Amino acid sequence: MIKHILFDLDGTLIHFDHHLFMENYLNLLGRKFANITDPKIFANHVLTATGHMLKNVEHTKTNADVFWQYIDQNVDISRTTLNPLIDDFYQNDFNELKKIVTVPKILPILNNLIEKAIPVSLATNPVFPLIAVKSRLKWGGLDHIPFQRITHYENSHFCKPQLAYYQEILDVIDLSPENVLMIGNDVHEDLIAGELGIKTYLLTDFIINKDNRPIKSNYIGTVDQLAKDLPKILA
């Protein structure tokens, strides 16, 4: 019996062209720090630090710890200077990216789950701080959804597609994998949850399958099909 549903964010709850997003994101980030450092060099450091988070397997370090360890070692600017600028960036400049975002027709599904008191969590790859994740939720009109857990770089120790990422979620929500459903659009990063016994639903509206992997999912369909399938899945 499904007692909890995990939702991916990008490509599932909101959608944008990834390359366009990254290009604009890095340009905005560089512009924010242009007065204190070379913008391109700083943006590259952020990308490299993000890569370190994606590869991290040390359960004693949060993704934020890994990110800042790299920045502290490679960027000659104190956190006292960086932190206020980063907070301001995600509260203001970052929101310029909303213009490239579209919202799949999934909001009624979420609202229906909330009305039925079915717990939901946001299983987005935790490479951003919570403030940035909340901004992205707001872009999609999803900031009112009472997610039980939102994964972000301050509270997570692993990233997708590591199984440890999903195991950490299971540990926090205190459920067995067979009682959890993961809904996402990435054949590798989202469906890998099935290797732990988590039920999976692949959304095909904006499917990502970078390596042309064979699809192994309990359920497959569009957002419209998901709306029809969920009552049966939850029965």
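**View 1. Ile-5 of strand 1 and its partner in strand 3.** In this predicted model, Ile-5 stands opposite Leu-181, a residue of strand 3. The two strands concerned, strand 1 and strand 3 (residues 180–184), pair in the parallel sense, and four bridges connect them. Strand 1 also pairs with strand 2 (residues 120–122), again in the parallel sense, here over three bridges, and within this pairing Leu-6 stands opposite Ser-121.

**View 2. The two faces of strand 1.** Strand 1 spans residues 4–7, and both of its faces are covered. His-4 and Leu-6 lie on one side, while Ile-5 and Phe-7 lie on the other, and all of these residues are buried. Leu-6, which stands opposite Ser-121 in strand 2, and Ile-5, which stands opposite Leu-181 in strand 3, therefore belong to opposite sides of the strand and are each buried, a term that here means under 20% relative accessible area.

View 3. His-152 is found in the loop between helix 6 and helix 7. Although it is part of a loop, His-152 counts as buried, because its relative accessibility is 10% and the cut-off for a buried residue is under 20%. The side chain of His-152 is joined to that of Glu-154 by a polar contact of 2.6 Å. When neighbours within four places in sequence are left aside, the residues in contact with His-152 are Pro-126, Phe-128, Pro-129, Leu-130 and Val-133.

View 4. Most peptide bonds are trans.

**View 5. Two residues with positive phi.** Most residues other than glycine have a negative phi. Ala-117, however, has a positive phi of about 60° although it is not a glycine, and its position is in the loop between helix 5 (107–115) and strand 2. Asn-212, also a residue other than glycine, has a positive phi near 55°, and it lies in the loop between strand 4 (199–203) and strand 5 (219–221). Ala-117 is exposed, with a relative accessible area of 64%, and Asn-212 is exposed too, with a relative accessible area of 68%.

Key:
Residues are numbered from 1 along each chain as its sequence is written. This is a predicted model: local features need pLDDT of at least 70, side-chain atom pairs count only at pLDDT 80 or more; totals for chains, interfaces and linings use all residues. Side-chain values use heavy atoms; hydrogens and water are left out. Buried means under 20% relative accessible area, exposed over 50%, partly exposed in between (1.4 Å probe, protein chains only). Two strands pair if DSSP finds at least two bridges between them. A polar contact is a pair of N or O atoms within 3.5 Å; within protein, one must be able to donate a hydrogen and the other to accept it, and residues adjacent in sequence count only if both atoms are side-chain atoms. Contact means heavy atoms within 4.5 Å.
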